[in-house]
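Colleague: I am new to this structure and would like a guided tour. Please begin with whatever term I shall need at the outset.

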Amino acid sequence: MRPAEWAATTAELGQAHAAHGDADQAVALYRAAPEELDGNREEWARIAFNLSLALAQSGAYAEAERRVRAALPVLRAEPARHRKALATLGDYAFEAARMGAGGRGVRGRA
Amino acid sequence: MRQREWERAAEAYAAALELGAQVFQAAGSDAVRRREVRESWHVHARASYALLRRGQLADALVTLDRGKARLLGERLGLAPETGLDTERILALAPAGGALVMPVVTPAGGAALVFPAGRRTPAPEDVLWLDGLTDLAVVELLGGPTDAPLGAWLGGFMAERGALLGSPGRLAWEEAIATAIGKLWKLVMGAVHERLRRLGLARGAPVAIVPQGGLSLLPLAAAGAFPR
């Protein structure tokens, strides 16, 4: 299986785990996605964004923010996804303000 | 510390909303426009709340109104999200009365209460309502999220046509009484007190511009009625 195909399958599995509330398993799957992805930066950015959401779901807000910020330059090519990523950064800060050190609860998938 | 987080949230939301407006305007289909409305309505509310927490009242007001304008524009097929400026929003307060605009977020909410004649929003126009969360409104609408549809919507959907005096009708009336009592505690009791302090005459007109799920609830009927 080519890296991009493997990554797409992994991403779908990750989304399924995240949707069922198993954020840790989703994180593990997204982390396992190869960096190269046959040079498909867009696919990498989508996985990075979904990893960010799963990390936030499991409470790891600092890394969640780093991941989504790393994906932003690539997501810029897709305005709707870029908008969603920016709103997600807002959600992270909003949750942090609400909870003090770090809150929970995110929405959406890339 | 929290001020810094509210500032970061407001900045990120502002960038998202600006980009979202471009996506919305460039959308080539109704489906894309609907998706944008669906995915961004909560951003307007949260952005507005973050701005309120920052003390940027005029920006908060304009942002809240813009979310409403976009939603109505899309639903009614009107021209699009332009929204009003602060002065024109405040001018919507009816003569001798007041304009009330609730905001609901996961962190709690607020009600903006502007007496007629207000030119710019002032800190005393903001009523902080910590219990007015998204979850509280969702539960008011449909009951506990892990249970079948109940509460206001459950009663409305299932029992609104039931005969007077029938068990179904009594259950619906109970749901109404519960909803208006909870709305009083969550929002309208504090709003009423604020209106009273403003010295509004009894029967003075009050325009309420609800947001999100509150639009489906009988805010004007809310009260602390004996059961």
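Modeller: Two residues are in contact, or touch, if their C-beta atoms, placed from the backbone, lie within 7 Å. This is a predicted model, in which local features need pLDDT of at least 70 and side-chain atom pairs count only at pLDDT 80 or more, while totals for chains, interfaces and linings use all residues. Residues are numbered from 1 along each chain as its sequence is written, and chains are lettered from A and ligands numbered from 1 in the order in which they are written.

Colleague: Which residues does Ala54(A) touch?

Modeller: Leaving aside residues up to four places away in sequence, Ala54(A) touches Gly14(A), Ala18(A), Ala23(A), Ala26(A), Val27(A) and Tyr30(A).

Colleague: And which residues touch the most other members of the largest nonpolar core?

Modeller: That core has 90 residues, and Ala54(A), Ala9(B), Tyr13(B) and Ala50(B) touch the most other members. At least three of its residues come from each of domain 1 (2-76) and domain 2 (95-221) of chain B. A nonpolar core is a set of buried Ala, Val, Leu, Ile, Met, Phe, Trp, Tyr and Cys residues joined through C-beta atoms within 7 Å. A residue is buried if 20 or more other C-beta atoms, placed from the backbone, lie within 10 Å of its own, exposed if 12 or fewer do, and partly exposed in between.

Colleague: How many helices and strands are there in chain A?

Modeller: Chain A has 5 helices and 0 strands. Of its 110 residues, 48% count as buried. Helices (H or I, at least four residues) and strands (E, at least two) are DSSP runs, numbered from the N terminus.

Colleague: What about chain B: in which order do its elements run?

Modeller: Chain B has 7 helices and 4 strands, and from the N terminus the order is α-α-α-α-β-β-β-α-α-α-β. Of its 227 residues, 37% count as buried. Among contacts in chain B with a separation of 6 or more, 59% are between residues 24 or more positions apart.

Colleague: What does the domain assignment of chain B give?

Modeller: It gives domain 1 (2-76) and domain 2 (95-221); such bounds come from an automatic or database domain assignment. The C-alpha centres of domain 1 and domain 2 of chain B lie 22 Å apart. Contact between them involves 10 residues of domain 1 and 13 residues of domain 2 of chain B. On the domain 1 side, helix 2 (30-54) and helix 3 (57-76) of chain B are the elements that give two or more residues.

Colleague: How many residues of chain A are in contact with chain B?

Modeller: 15 residues of chain A are in contact with 20 residues of chain B. The chain A side consists of 9 nonpolar, 3 polar and 3 charged residues. Here Ala, Val, Leu, Ile, Met, Phe, Trp, Tyr, Cys and Pro count as nonpolar, Asp, Glu, Lys and Arg as charged, and the others, Gly among them, as polar.

Colleague: Turning to the strands, how many bridges link strand 1 and strand 2 of chain B?

Modeller: Strand 1 (residues 98-105) and strand 2 of chain B pair in the antiparallel sense over 8 bridges; strands pair if DSSP finds at least two bridges between them. A hairpin of 2 residues joins strand 1 to strand 2 of chain B, and Thr105(B) has Gly108(B) in strand 2 as its bridge partner. Strand 2 of chain B also runs antiparallel to strand 3 (residues 126-129), with 4 bridges, and Leu112(B) stands opposite Val126(B) there.

Colleague: Is strand 2 of chain B mostly covered or mostly uncovered?

Modeller: Strand 2 (residues 108-115) of chain B is mostly covered, as 6 of its 8 residues are buried.

Colleague: Why does Arg4(B) count as exposed?

Modeller: Arg4(B) has 11 C-beta neighbours inside 10 Å and therefore counts as exposed. Arg4(B) lies in helix 1 (residues 2-26) of chain B.

Colleague: Lastly, where is Ala151(B) found?

Modeller: Ala151(B) is found in helix 6 (residues 151-159) of chain B. Ala151(B) counts as buried because 20 C-beta neighbours lie inside 10 Å. Its phi is near 50°, a positive value in a residue other than glycine. Most residues other than glycine have a negative phi.
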